[in-house]
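Good morning, colleagues. Please have the structure open as I speak.

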2 protein chains.
Amino acid sequence: MSKIAIAVFLLSSVCFAQNPAAFEPASTNVWGAAYPLVDAGGAVEFRVKAPDAIKVQVNFWGNPKLDMAKQPDGFWTLTSAPLVPGFHYYTLVIDGAELSDPGSHSFFGGGKDASGIEIPERGSSYYLPQDVPHGDVRETWYFSKVTGSWRHALVYTPPNYDTLPNQRFPVLYLQHGGGEDETGWIKQGHANFILDNLIGSGSSKPMIVVMAYGYARRAGHADPDLSGKPFGSPEMMKAMQEMSQTFEDDVTEALIPYIDTHFRTLADRDHRAMAGLSMGGMQTFQVTFDHLDLFSYIGGFSGAAGQLVLGNRALDPKSDFQGALADPAAFAKRVHLLWLGVGTEEPAMMHAGILKLHTSLDEAHIKHVFYESPGTSHEWQTWRRDLKDFAPRLFQQAAQ
Amino acid sequence: MSKIAIAVFLLSSVCFAQNPAAFEPASTNVWGAAYPLVDAGGAVEFRVKAPDAIKVQVNFWGNPKLDMAKQPDGFWTLTSAPLVPGFHYYTLVIDGAELSDPGSHSFFGGGKDASGIEIPERGSSYYLPQDVPHGDVRETWYFSKVTGSWRHALVYTPPNYDTLPNQRFPVLYLQHGGGEDETGWIKQGHANFILDNLIGSGSSKPMIVVMAYGYARRAGHADPDLSGKPFGSPEMMKAMQEMSQTFEDDVTEALIPYIDTHFRTLADRDHRAMAGLSMGGMQTFQVTFDHLDLFSYIGGFSGAAGQLVLGNRALDPKSDFQGALADPAAFAKRVHLLWLGVGTEEPAMMHAGILKLHTSLDEAHIKHVFYESPGTSHEWQTWRRDLKDFAPRLFQQAAQ
């Protein structure tokens, strides 16, 4: 081992005993990083070395940037106001360059490996590792003829998967949001620990959870050139539609057949669910309502049928969703669960849109579940709570 | 889906058709990032937005920093000299702050989530995904009484693992280097693709590969306070020794029992190997020679017995390694493979140290394999080649 390696070894492993009073290094920090620190009330103390910078800021996405103060030792510091419990993305802005904090692990969001900070929620352990049997999370690769490429997916297998080689399991397809990727539900969401705890306590059936990469470009197609095209332009909408359709085809023609071959699944609609957050919720509604022959459980976490939630028009139960809602009794029999969730503090458009879909479904007598996460916005704490409410409702009606 | 999410969706998915002549976005880039670009000769073009910065540099670790040039549009640019094929860590230095490039995926090295760039090696596909059956890589969690904590490990299961539920497999324990973590062998090293290809062509036996977290703090012990202690101080050496011993105990008392319970292993020394790179090579020599009852295949990739490679003293075959080498014939019978590798361009101390260990083993008539990776330094291309040479030699002598 070189001296460099030894130095790095120590740097990253033995260190940093002296923290200020009530502040502790965040659980999202890299091993040994003393900063950022989180106090019991959720305030965060940041510190970054930038000796020659003129201006350094902390950017909690969706909020005004916070100016850091330069100290005589070349470090910049800031203590934030208390943050809502849960996971928050952030970046540092150093003289106009927006980059990640080297003290934080990185989490894929906003189309890049960004920084994140976890604020503990007092009394909540449902998304933390506990002394229950743990499932594995598998990285798996499948070749998709739809995209003409190898694609990477994460697959949670429940704790008893390997010890019961003759048992088959139902499957939940669980999608990330826009700008995130297939790693989000594990790294940011702790979906594996949520499922471990729900299965361990008997609240959820053991299930396989598949987390796929939500972007797809059709084999042989080039990316459209959107340079100079305004946000919301017809060209942009067409590009989105093409990607959505390609993703739908990838799920139904490549991913599901691969999962049903490669894992011991119960490969029928009674044992197949799909849910997703934000963009993933929109994809879920598209994929499942286009393929009710494949799915019988549907969940939208802060995202659902885009044309209804965002399009600001009323639900037409007779024609929307290819007419699947036209007969409420038949729908309730066919779709075992239709589930909608939103955080009370989400941006008005999102909150109002989901709420309107919920009330419209009520008015049309369409059986569904509506859940509001108190005090949380368009963020992972909302989606962890969604999964905690959603997962126990799955695969209870189907013959096991 | 909010407008923000839609914007991010597009930003990260539809884009960037127009690249300069022979330059292509690096395979290590995040989806849709136009920069950095790599040309056919291995030169890299960097571009980063830092409108208010005074000085921006690219830092290829271990090399002098390269000054970027400010452009009128607020972006900074640089085209590097051609780089050796393989994976290279780098960071950006913006007015003295060292951070990661938002265009690159992050790779854990140097104790943080750093940027990396992949330079293709012409004619080499052994570490790329090919049309062969693929194994999975599992994230798994085990509770260690040694450290008093949940620990995360990655486990490669070979392609036929699930379809042959009555078959058991040999196990290679494969360790990362100092400053890296258990994700390195997959994300930087592509160990899974290397094994897929070797197993697919019949060159390697199907095997399980376990990649553990190489740092460990004993349960109930606090980190030592090394503030003010110089590099190489007795306090620092003692801290390193304690961590090494804790890791050794974690491997033998917690990890191996967990793997042998949780996976279908062949749980004896004839079917158990260990190898590691740099710090991981040093750990391998410590763990395996302390436990020849558990291991019969040993690999040091740019790292081996620290006291010999770095200590600048001669091998004493009678007393070193607890006397295991005293009888060369008995050793060759007991240890099925002793393997050493180093890159020809590694720092002099590392190259000379491994070479000296190799010649000393020769002189003592200790059967072993020595491999030099041509043209590569203390870097992942060396270790990918090491694994390609090492893995086919495993588990060939043992009854399957």
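In this predicted model, 88 residues of chain A are in contact with 87 residues of chain B. The area buried between chain A and chain B is about 7200 Å², and carbon and sulfur atoms give 67% of that area. Between chain A and chain B there are 19 residue pairs in polar contact, both residues being at pLDDT 80 or more. On the side of chain A that touches chain B, helix 1, residues 3–11, provides the largest share, with seven residues. That side divides into 47 nonpolar, 24 polar and 17 charged residues.

Let us turn to strand 12. Strand 12 of chain A and strand 12 of chain B, residues 136–144 in each, run antiparallel and are joined by three bridges. There, A:R138 has B:R138 as its bridge partner.

Which residue forms a salt bridge with A:R138? It is B:D136, with the closest N and O atoms 3.1 Å apart. B:D136 lies in strand 12 of chain B and A:R138 in strand 12 of chain A, so this pair joins two chains. B:D136 is buried at 2% relative accessibility, and A:R138 is buried at 0%. A:D136 and B:R138 also meet in a salt bridge, at 3.1 Å from N to O, and a network of salt bridges links A:D136, A:D162 and B:R138. Between chain A and chain B, the count is four salt bridges; over all chains, 24 are found.

Finally, within chain A, the side chains of A:R218 and A:D249 meet in a salt bridge at 3.0 Å, N to O.

How values were computed:
Residues numbered from 1 in each chain as written. Chains lettered and ligands numbered in written order. Predicted model: local features only at pLDDT ≥ 70, side-chain atom pairs only at ≥ 80, totals over all residues. Heavy atoms only, no water. Contact = heavy atoms within 4.5 Å. Buried area = accessible area lost by both parts, 1.4 Å probe. Polar contact = N/O pair within 3.5 Å; in protein donor to acceptor, adjacent residues only side chain to side chain. Helix = DSSP H or I, 4+ residues; strand = E, 2+ residues; numbered from the N terminus. Nonpolar A, V, L, I, M, F, W, Y, C, P; charged D, E, K, R; others polar. Pairing = 2+ DSSP bridges. Buried < 20%, exposed > 50% of the residue type's maximum accessible area, 1.4 Å probe, protein only.
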